[in-house]
Amino acid sequence: MSGSATSLDVVLARAARTPLALSEDELARLLNVEAPQELDALFAAAYALKLKCCGKGVAVRGLVEAGNICAKDCLYCGIRRSNAAVSRYSLAADEIVAAAEEAKAFGYASLVIQSGEIESEAHTRFIEEILQRIAPLDLGVTLSLGEQTEETYARWRAAGATRYLLRIETSNPNLYARLHPASCSWERRVECLHALRRTGYQVGTGVMCGLPGQTVDDLAADIRFYGELDVDMIGMGPYIPHPDTPLGQVAPALSDEARLLLGLKMIAATRLYLHDVNIAAATALQALAHDGRERGVKAGANVLMPNVTDRKYRRNYRLYANKPCLDETAALCRGCLDRRLSAIGEHLLYNQRGDSLHYRVRHCRFGQGLV
Ligand code: SAM
Ligand code: SF4
């Protein structure tokens, strides 16, 4: 029987029983759900699976926006190389180490270091030295520093990074080509994801949801792509136009509310398809609705990434319009998150790294050591 002819309850029950059980048509069916009762059923099934696979509680990573200097010109991104309106910065090593120490003091046992993409020996060495300096803090460290050579990934892994997030942005190479200059290669991005797996990282990827020209079938294929790559972590969120970018000049086909809802449905469908991976409720959800992150958790996400970057830099790391929490200190963000999560019966998992269960299961199965 085709996906559309099967009742939603039957599809949800089958998805919850077995990972990777749904066809692309059935994933598209979940993403097309609109009726309030069906949406409730979708989110409830995904949240129940989050509780079953990851338990109660939300893993937390302090996010360091290490710099906005980028060699690339992605057509959607506010810090793209050609945006002359951006005042460029790069945190000093001491500032990154101080942010890591603050995260540790808050009880955040994991850190994400993210920045524009720079490929150079000096940058590789800079990150390597920071990783070596923060190693005594014993934090789980995710890097999100774009495409690099396998050798660079291996050096950062050896210096202490344990996870890497590299969004594929879209699994459709034709759509990818419309969102990037010709110098960017979808194939290289996929190859980087394979290189990250080979070098022993917990590997994360993700897409933007609601991009101009993107279809629900594209998004269903994105979820299948996650499964085929056997990734450990997902970081995805709604696309939000930035006025100073080429794509920001194109009126989005979907409203803010529709892109938010699509982002939430993607979280739910991904949880139902992959089961035990870590899924982040991205900041972009919060940019579209004040309670966007909590709604992400109720749709099946189990990771949050409050910003621990010094406030004076935050305005210069604007990937999209309406970036939230520009003026809050890291301490205020933590208090706000605690309150917001307790309002939905959840809480942050302090002093726990929150490694991907999927990664641990794979490594135990193959008898490899854990990171
Ligand atoms: N430069 C690295 C890279 O591209 O992988 C890491 C940092 S980059 C700013 C992190 C993510 O921001 C990108 O993967 C992209 O999905 C997201 N992003 C950029 N512009 C966005 C926009 N306008 N709306 C939503 N997300 C955006
Ligand atoms: Fe640079 Fe990443 Fe933005 Fe692309 S998405 S322009 S690589 S920071």
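The paragraphs below lead through the surroundings of two ligands in a predicted model. Local features are reported at pLDDT of at least 70 and side-chain atom pairs at pLDDT 80 or more, while totals for chains, interfaces and linings use all residues, and side-chain values rest on heavy atoms, without hydrogens and water. Residues are numbered from 1 along each chain as its sequence is written, with chains lettered from A and ligands numbered from 1 in the order in which they are written.

Ligand 1 is surrounded by 19 residues (those with a heavy atom within 4 Å of the ligand), and the closest of them are Tyr-76, Arg-167, Glu-169, Arg-189 and Ile-240. By class, this shell holds ten nonpolar, five polar and four charged residues, where Tyr and Cys count as nonpolar, Glu, Lys and Arg as charged, and Gly as polar.

Among the polar contacts (pairs of N or O atoms within 3.5 Å), a side-chain N or O atom of Glu-169 lies 2.6 Å from an oxygen atom of ligand 1, and a polar side-chain atom of Arg-167 is 2.8 Å from an oxygen atom of the ligand. The backbone takes part through Ser-115, one of whose polar backbone atoms is 3.1 Å from a nitrogen atom of ligand 1. Taken alone, ligand 1 exposes 560 Å², of which the protein buries 94% (areas by the Shrake-Rupley method with a 1.4 Å probe).

Around ligand 2 stand Cys-70, Lys-72, Cys-74, Cys-77, Ile-79, Arg-80 and Gly-116, a shell of four nonpolar, one polar and two charged residues.

Conventions. Polar contact = N/O pair within 3.5 Å; in protein donor to acceptor, adjacent residues only side chain to side chain.
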